[in-house]
Amino acid sequence: MMDTKENVLQMLKRAVETWDMELVHEASAKALSLGITPYEAIEKGLGQGMVNISERFNEGEIFLPQVLAASKAMEEGMAVFEPYIGKDSHTTKGMIVIGTVQGDVHEIGKHVVCAFLRGAGYSVFDLGRDVPPDDFLEAAKEKKAYIVAASALMTTTLIGQKKIVRCLKEEELNVQTLFGGACCTRKWVESIGGDAYCSCGSEVVECVDKMLRARKGD
Ligand code: B12
């Protein structure tokens, strides 16, 4: 098969779907040599593989161990592209503190968001997963963050985003909040008094640029 852009994106998708580490590396190398951007490789290649995994998991065709294996393949692929995302930006557009809410261990989507933000010239301090609301607050103060961002993938953990808003408001910190994750919606974010919502990683940079422009009043 010819190594066209479309074929290589399909190959990246298949590598995640079949949790084939060798194929992850082969396809990632091909993507780099074809000049496919890291954004495309992550969103249109690897990420589409996770979409397929989610569907098959929902339909009961595969189970958690396979989901985990696919997640590892996705992370392995992302690690190949990360050094190529905005590696030469020395100045930072601002600090963003991010994490996955308490009780929730899902991190892949957050990693995608981190990669895109770093690539666009933001400094990102990633608190990891299962992060209590107070830790977001402390990190925001310490890092002088402009934005606190949090991911929640489960209906049971969404409440963690509400707690973050409450925590930040109590301290009257001048930071904005940004939320996302599979079960998070714009309506939810509005209902908890959050500032912004993004449904996918590719919207994030534009959204954050807009938030900071509004903050600076231009
Ligand atoms: C991979 C996965 C796992 C992996 C996670 C590995 C890891 N290192 O992250 C493992 C196997 C560990 C796992 C465990 C569990 N999981 Co799980 N998991 C998934 C799965 C299949 C895919 C998630 C994923 O990575 N998607 C790919 C990424 C790229 O997409 P994404 O996360 O949506 O992120 C994008 C956007 O949402 C957005 N985004 C994400 N975060 C943020 C943050 C901000 C600030 C912004 C702006 C945007 C943004 O941008 C991202 C990039 O485009 C989902 C299914 C689904 N439909 O989401 C279930 C799912 C989330 N899991 C689920 C459950 C229930 C569990 C478990 C409890 C086990 C179980 N019984 O099934 C445990 C949870 C343990 C815990 N305490 O957290 C449920 C949640 C149900 C619900 N509505 O509450 C889901 C929906 C599956 C299902 N249908 O049942 N899981």
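Q: How do α2 and α4 pack, in angle and distance between axes?
A: In this predicted model, helix α2 (residues 21-34) packs on helix α4 (residues 64-81) at an angle of about 30 degrees, and their axes are 10 Å apart.

Q: What does that make α2 relative to α4, roughly parallel or roughly antiparallel?
A: Roughly parallel, because angles under 35 degrees count as such.

Q: And the crossing, left-handed or right-handed?
A: The crossing of α2 past α4 is right-handed.

Q: Which residues make the contact?
A: On α2 they are M21, V24, H25, S28, A31 and L32. On α4 they are K72, A73, E76, G77, V80 and F81.

Q: How do the residues of that contact divide into nonpolar, polar and charged?
A: For α2 with α4, seven are nonpolar, three polar and two charged.

Q: On to α5. How do the axes of α4 and α5 cross?
A: Helix α5 covers residues 108-119, and its axis crosses that of α4 at roughly 10 degrees, coming within 11 Å. α4 and α5 are therefore roughly parallel to each other.

Q: Which residues meet there?
A: S71, M74, E75 and M78 of α4 meet I108, H111, V112 and A115 of α5. The residues of this contact of α4 with α5 divide into five nonpolar, two polar and one charged.

Q: What about α3 and α5, at which angle do they cross?
A: Helix α3 (residues 38-58) crosses α5 at roughly 175 degrees, and the two axes come within 12 Å. That angle is over 145 degrees, so α3 and α5 are roughly antiparallel to each other.

Q: Which residues of α3 and α5 make the contact?
A: Y39, I42, E43 and M50 come from α3, while α5 supplies I108, V112, F116 and G119. The contact of α3 with α5 has six nonpolar residues, one polar and one charged.

Q: Where is H106 found?
A: H106 sits in the loop between β1 (95-100) and α5.

Q: Which domains does the domain assignment give?
A: The assignment gives domain 1 (5-84) and domain 2 (95-216).

Q: What separates their centres?
A: The centres of domain 1 and domain 2, taken over C-alpha atoms, are separated by 25 Å.

Q: And how many residues are in contact between domain 1 and domain 2?
A: Nine residues of domain 1 are in contact with 11 residues of domain 2.

Note on methods:
Residues numbered from 1 in each chain as written. Predicted model: local features only at pLDDT ≥ 70, side-chain atom pairs only at ≥ 80, totals over all residues. Heavy atoms only, no water. Axes fitted to C-alpha atoms, helices over the stretch in contact; angles between N-to-C directions. Helix = DSSP H or I, 4+ residues; strand = E, 2+ residues; numbered from the N terminus. Parallel < 35°, antiparallel > 145°, perpendicular 65-115°, else oblique. Left-handed = near helix turned anticlockwise from the far one by under 90°. Contact = heavy atoms within 4.5 Å. Nonpolar A, V, L, I, M, F, W, Y, C, P; charged D, E, K, R; others polar. Domains from an automatic or database assignment.
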